[in-house]
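Work through the exercises below with the model in view. Each task is followed by a solution in steps.

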Amino acid sequence: MSIVVMLGAQWGDEGKGKLVDYWSAEADVVVRFQGGNNAGHTLVVNGEQTIFHLVPSGALNPGAVCVIGNGVVVDPVVLIEEIDKLKAKGMMDDDSRLIISDRASLIMPYHKTQDHAGEKKKGKAAIGTTGRGIGPTYSDKIARSGIRMHHLRDEKRLRARLQSVLEEKNLLLTKVYGEEAQDLDALVEEFMGYAARLMPYVGNAGKYISDAARSGKKVLFEGAQGALLDIDHGTYPFVTSSNTTAGAACTGTGVGPCLIDRVVGITKAYTTRVGGGPFPTELEDEVGQRLQKVGAEYGATTGRPRRCGWWDGLAASYTARLNGLTDLAVTKLDVLTGIDPIKICVAYEIEGKRLEDFPPDLIELEAARPVYEELPGWTEDITGARSMADLPGNAVKYVKRMEEVAGAPVSMVSVGQDREQTIVIKAPF
Ligand code: GDP
Ligand code: IMO
Ligand code: MG
């Protein structure tokens with residue numbers, strides 16, 4: 001096995017950080033391939049919590065090289081902060097343990113201004129973005145007016161590039177959003193400062209990953225966000241601005257699909273979502289409140305409370321198809337302890353008519369009524385379980401039903417925040 005992709009199969013926050021950290025002990029290379037610091041990936045090791053926004057979740061394992069792929073949008077301020085925090089903890093001392101793709105796009109200060117001003121302008125129709133400048137940065141990348149890591153290699157070239165970009169950008173900022181124009185000299189000076197810090201890490205990430213995989217090294221790709229936030233396949237327009245599904249693992253790194261052996265979709269045993277947009281199985285009752293409280297469902301990036309609901313099997317089978325999932329990893333099963341019965345959504349209905357697949361249209365999704373199946377719960381504490389045999393029968397039945405409905409076998413079950421609170425059915429490498 002050479003490349004294993006682990007990604008979110010719901011609306012994000014599925015526990016990707018925890019499982020990527022767990023497996024990075026066995027990996028040689030851990031790679032982020034899309035998204036930016038809209039992501040918040042939580043790792044808990046021996047009770048100590050670390051949240052990564054940009055650095056791959058392999059960073060706590062000293063054996064793994066961490067790579068930020070070309071598909072990632074990088075806020076240099078946040079990245080430098082994360083590197084400094086790791087160094088202060090005595091980690092990342094070896095600079096060769098971090099590689100940033102020379103083709104990665106940079107989040108500029110004006111992107112953050114645009115994100116905030118754009119959301120404000122939308123009023124009630126706001127997406128509820130993380131405000132990190134993600135959408136505007138990806139928009140500029142696609143419009144071919146982005147600033148990339150390699151532009152920081154030379155002050156003159158950065159200045160020339162920024163000058164042409166700012167001509168249009170400042171018109172937008174001042175005339176459309178009523179914001180202040182941004183100053184070329186100040187931006188060049190600020191970004192050459194970041195260049196001095198980041199250049200030692202910048203390199204040909206695509207070639208590094210591909211060579212590593214071809215030489216038989218174990219490479220773990222870490223998704224950000226989740227499949228239902230995918231720009232093409234998610235609940236558009238209430239999505240993020242990148243492809244979050246498995247195809248992006250290739251385009252966001254520079255390796256071909258045949259090098260990928262497995263694609264593991266991570267799903268909570270229930271569903272959460274942060275920000276606006278349709279959520280058919282959302283619970284606004286005491287069960288929803290209980291999931292939020294017991295699951296500590298607050299955003300790792302913005303601190304916003306996460307909306308909670310039953311596990312959505314129709315969405316799961318859809319995201320299994322989108323990603324070609326070879327397996328499913330279930331997290332937060334412990335949060336369901338004490339709830340009886342537990343419901344699983346197996347289909348949607350609109351005016352009595354069953355939908356065959358996840359609909360593209362917001363109006364349809366908002367009208368969709370979930371069709372539920374009820375399963376018996378359990379009351380035993382499962383946080384100490386380390387094998388399926390340690391789980392109560394009803395918890396095993398629940399996991400088995402998830403795998404039938406999603407159409408992908410479950411290879412891991414997580415029963416607590418800590419690295420150790422993990423049941424492995426089939427190891428990824
Ligand atoms: P990510 O964005 O997918 O990495 O997920 P987040 O870190 O944003 O959110 C997942 C949260 O659930 C974090 O606080 C994790 O520590 C926590 N978590 C992960 N797995 C489990 C689990 O099995 N049980 C419980 N109780 N918490 C978990
Ligand atoms: P991780 O990697 C959950 C959501 C935002 C908003 C929408 C667009 O931790 O799972 P953006 O700032 O990306 O333009 O916001 O996407 N969102 C996430 N929700 N987890 C995330 O990342 C998210 N990243 C973005 O809340 O609804
Ligand atoms: Mg998160």
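**Exercise 1.** State which helices and strands each supply at least two residues of the lining of the second largest pocket.

Solution. Step 1: helices (H or I, at least four residues) and strands (E, at least two) are DSSP runs, numbered from the N terminus. Step 2: α1 (16-24), β3 (41-45) and β4 (48-52) each give the lining at least two residues.

The model is predicted: local features need pLDDT of at least 70, side-chain atom pairs pLDDT 80 or more, while totals for chains, interfaces and linings use all residues. Residues are numbered from 1 along each chain as written, chains are lettered from A and ligands numbered from 1 in written order, and side-chain values use heavy atoms, without hydrogens and water.

**Exercise 2.** Describe the lining of the second largest pocket by residue class.

Solution. Step 1: the lining has 27 residues, and Thr42, Gly295, Arg306, Lys332 and Gln417 lie nearest the pocket's centre. Step 2: seven are nonpolar, twelve polar and eight charged (Asp, Glu, Lys and Arg count as charged; Gly counts as polar).

**Exercise 3.** Find which residues are closest to ligand 2 and which polar contacts ligand 2 has.

Solution. Step 1: of the 20 residues around ligand 2 (a heavy atom within 4 Å), the closest are Asp13, Lys16, His41, Thr130 and Thr240. Step 2: look for polar contacts (N or O pairs within 3.5 Å). A polar side-chain atom of Lys16 is 2.7 Å from a ligand 2 oxygen. A polar backbone atom of Gly40 lies 2.9 Å from an oxygen atom of ligand 2.

How values were computed. On a 1 Å grid over the protein atoms alone, a cavity is a set of points where a 1.4 Å probe fits but cannot get out, and a pocket is an open set with protein on both sides within 12 Å along at least five of seven lines; lining residues have an atom within 4 Å of a point. A polar contact is a pair of N or O atoms within 3.5 Å; within protein, one must be able to donate a hydrogen and the other to accept it, and residues adjacent in sequence count only if both atoms are side-chain atoms.
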